[in-house]
Amino acid sequence: MAQQTVAAPAALTFTVDSTLDYPDDDVSALGLGTCHTVINKCTLRAAVMEANHTSGAGATVIVPAGIYSLTRSASGGEGETFGDLNLTTPGAGNPVINIVGAGAGVTIIDANQLDRVFRIHSNRTANISGLTVRDGLSSLGGGIFNQGILTVTNSVVSDNQLTAGGAGGGGLAKNAGTLTLDHSTVRANQAS
């Protein structure tokens with residue numbers, strides 16, 4: 001009797017097609033591979049939410065050229081649907097999330113000083129490339145707060161700010177995480 005080989009699941013790819021900031025509208029189906037919002041588009045927030053819930057090989061979020069402004073204030077609550085873009089702790093295994101822009105000069109994620117831009121949770125492996133992270137404001141890492149394993153490549157982290165009494169850097173902060181910067185620029189960030 002011949003043994004059957006089961007192929008490993010392929011990584012999912014989500015291509016963002018709106019610069020608006022709407023969450024995925026079907027949280028009961030997160031991780032099933034459908035990025036969808038009430039405006040019938042795949043927004044950056046919805047794609048990140050879907051990527052958070054994938055298993056196996058993980059997911060890639062393709063972010064075309066544009067300015068992606070975060071508009072959902074953190075005062076609405078902490079989590080995937082409000083404030084910063086949370087790359088959450090995986091439910092099982094080590095699926096990797098890749099967020100891939102079209103280039104730091106043309107793909108910009110702007111937090112509008114409502115919160116930081118990204119938070120990478122513990123045990124999450126993530127790669128961010130080809131984009132600019134700007135205008136974050138938080139008490140823990142103004143632009144990116146990393147508690148996982150993060151690689152930032154060919155990107156710019158600029159004009160982020162740490163609030164008074166905060167911890168970490170204005171642009172980047174890590175807490176027991178691993179951070180690798182490769183061909184990236186960190187500039188004009190402020191810490192009080």
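Predicted model: local features only at pLDDT ≥ 70, side-chain atom pairs only at ≥ 80, totals over all residues.
Residues are numbered from 1 along each chain as its sequence is written, and side-chain values use heavy atoms, with hydrogens and water left out. The largest nonpolar core has 32 residues, and there is 1 cavity of 30 Å³ or more.

**Nonpolar core**

- In soluble globular proteins, nonpolar side chains tend to be buried together.
- A nonpolar core here is a set of buried Ala, Val, Leu, Ile, Met, Phe, Trp, Tyr and Cys residues joined through side-chain atoms within 4.5 Å.
- Buried means under 20% relative accessible area, exposed means over 50%, and partly exposed is in between (1.4 Å probe, protein chains only).
- Inside the largest core, the residues with the most contacts are Leu44, Val61, Leu87, Ile99, Ile109, Phe118 and Ile144.
- Two or more residues of this core come from each of H1, S2 (58-63), S4 (85-87), S5 (96-101), S7 (118-120), S8 (125-129) and S12 (149-153).
- H1 gives the most to this core, with 5 residues.
- For the element names, helices (H or I, at least four residues) and strands (E, at least two) are DSSP runs, numbered from the N terminus.

**The cavity**

- A cavity is a set of points, on a 1 Å grid over the protein atoms alone, where a 1.4 Å probe fits but cannot get out, and lining residues have an atom within 4 Å of a point.
- Grid points are joined across faces, edges and corners, and a volume is the space filled by probe spheres set on the points.
- The largest cavity holds about 40 Å³ of space.
- Its lining is made up of Thr19, Leu20, Asp21, Leu44, Arg45, Tyr68, Ser69, Leu70 and Leu85.
- Helix H1 (44-52) and strand S3 (66-69) each supply at least two residues of that lining.
- Sorted by class, the lining has 5 nonpolar, 2 polar and 2 charged residues (Ala, Val, Leu, Ile, Met, Phe, Trp, Tyr, Cys and Pro count as nonpolar, Asp, Glu, Lys and Arg as charged, and the others, Gly among them, as polar).

**A charge over a ring**

- Arg72 has its charged end over the ring of Phe82, 4.5 Å from the ring centre.
- The rule for this is NZ of Lys or CZ of Arg within 6 Å of the ring centre and within 35 degrees of the ring normal.

**Positive phi**

- Most residues other than glycine have a negative phi, and most peptide bonds are trans.
- Asn123 has a positive phi, near 65°; Asn123 is in the loop between S7 and S8 and is exposed, with a relative accessible area of 58%.
- Asp159 also has a positive phi, near 60°; Asp159 is in the loop between S13 (156-158) and S14 (161-167) and counts as partly exposed at 40% relative accessibility.

- Phe14 lies in S1 (residues 12-15) and is buried, at 3% relative accessible area; its C-alpha atom is 9.4 Å from that of Ala46, 32 residues apart along the chain.
- Gly83 is in the loop between S3 and S4 and is buried, at 3%; the C-alpha atoms of Gly83 and Leu114, 31 residues apart along the chain, are separated by 6.7 Å.
- Ala92 is in the loop between S4 and S5 and is exposed, at 56%; 25 Å separates the C-alpha atoms of Ala92 and Cys42, which are 50 residues apart along the chain.

Note on methods. 1 Å grid on protein atoms, 1.4 Å probe; cavity = no way out; pocket = protein on both sides within 12 Å on 5 of 7 lines; lining within 4 Å.
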